[in-house]
Amino acid sequence: RDGRVWVGLFRPRNPAADSLAQRPFLRKVLLRLPRAMLPTGAPYGHVFAIDEDGRVVEDLQDPRGAYPETTGATETADRLYIHSLHARAIGWLPR
């Protein structure tokens with residue numbers, strides 16, 4: 001709507017994983033671990049809208065992670081539906 005494109009940020013980066021950037025051998029070892037053992041960022045909800053020129057025009061964040069792992073949003077005339085991979089319900093905000 002109105003030329004906005006919504007983008008979701010799935011999860012913040014993990015400092016422990018980032019610290020391995022200069023250690024390729026350890027990164028390879030880490031990637032062979034079971035998925036449940038991989039370091040991940042804390043749950044966090046974050047979607048933002050950009051205009052046609054790439055400027056951020058709206059920024060919605062949930063630092064508590066109540067609606068985590070956001071992947072984007074769909075805007076209608078009366079609601080903003082927020083997409084998530086693992087939330088237990090459909091997230092929306094009135095417009």
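This report describes the fold, the strand pairing and a few individual residues of a predicted model.

**Overall form**

The protein chain contains 2 helices and 6 strands, and read from the N terminus its elements follow the order β-α-α-β-β-β-β-β. The radius of gyration of the protein chain is 16 Å, well over the 12 Å that the globule rule gives for 95 residues, so the chain is more spread out than a compact globule. The C-alpha trace spans about 50 × 35 × 20 Å along its principal axes. Of the 95 residues, 25% count as buried, and the accessible surface of the protein chain comes to about 7,000 Å², with 57% of that area belonging to carbon and sulfur atoms. When contacts between residues at least 6 apart in sequence are considered, 44% of them join residues at least 24 apart.

**The three-stranded sheet**

An open sheet of 3 strands is arranged in the order β1-β2-β3, and its pairing is antiparallel. Strands β1 (5-8) and β3 stand at the edges with a single partner strand each, so one side of each is left without a neighbour in the sheet. Neighbouring strands of this sheet are turned by 15° against each other on average, direction ignored. Within the sheet, β2 (residues 45-50) pairs with β3 in the antiparallel sense over 6 bridges, and A49 has E58 in β3 as its bridge partner.

**Pairing among β4, β5 and β6**

Strand β5 has antiparallel pairings with β4 and with β6. A hairpin of 3 connecting residues leads from β4 to β5, while the hairpin that joins β5 to β6 runs through 6 residues. The table sets out the antiparallel pairings for which bridges are listed here.

| Strand pair | Residue ranges | Bridges |
|---|---|---|
| β2 and β3 | β2: residues 45-50; β3: residues 56-62 | 6 bridges |
| β4 and β5 | β4: residues 70-75; β5: residues 79-84 | 5 bridges |
| β5 and β6 | β6: residues 91-94 | 4 bridges |

**D62 in strand β3**

D62 lies in strand β3, which covers residues 56-62. The relative accessibility of D62 is 14%, and because the threshold for a buried residue is under 20%, D62 counts as buried. Leaving aside residues up to four places away in sequence, D62 touches Y44, G45 and Y67. With Y67 there is also a polar approach, in that a polar atom of the D62 side chain lies 3.0 Å from the backbone nitrogen of Y67.

D2 belongs to the segment before β1 and, at 68% relative accessibility, counts as exposed. E69 is placed in the loop between β3 and β4, and with a relative accessible area of 9% E69 is buried.

Methods
Residues are numbered from 1 along each chain as its sequence is written. This is a predicted model: local features need pLDDT of at least 70, side-chain atom pairs count only at pLDDT 80 or more; totals for chains, interfaces and linings use all residues. Side-chain values use heavy atoms; hydrogens and water are left out. Buried means under 20% relative accessible area, exposed over 50%, partly exposed in between (1.4 Å probe, protein chains only). A polar contact is a pair of N or O atoms within 3.5 Å; within protein, one must be able to donate a hydrogen and the other to accept it, and residues adjacent in sequence count only if both atoms are side-chain atoms. Contact means heavy atoms within 4.5 Å. Two strands pair if DSSP finds at least two bridges between them. Axes are lines fitted to C-alpha atoms, for helices over the stretch in contact, and angles run from 0 to 180 degrees between N-to-C directions. The radius of gyration is taken over C-alpha atoms; the globule rule is 2.2 Å times the number of residues to the power 0.38. Accessible areas come from the Shrake-Rupley method with a 1.4 Å probe; for residues, only the protein chains shown count as cover.
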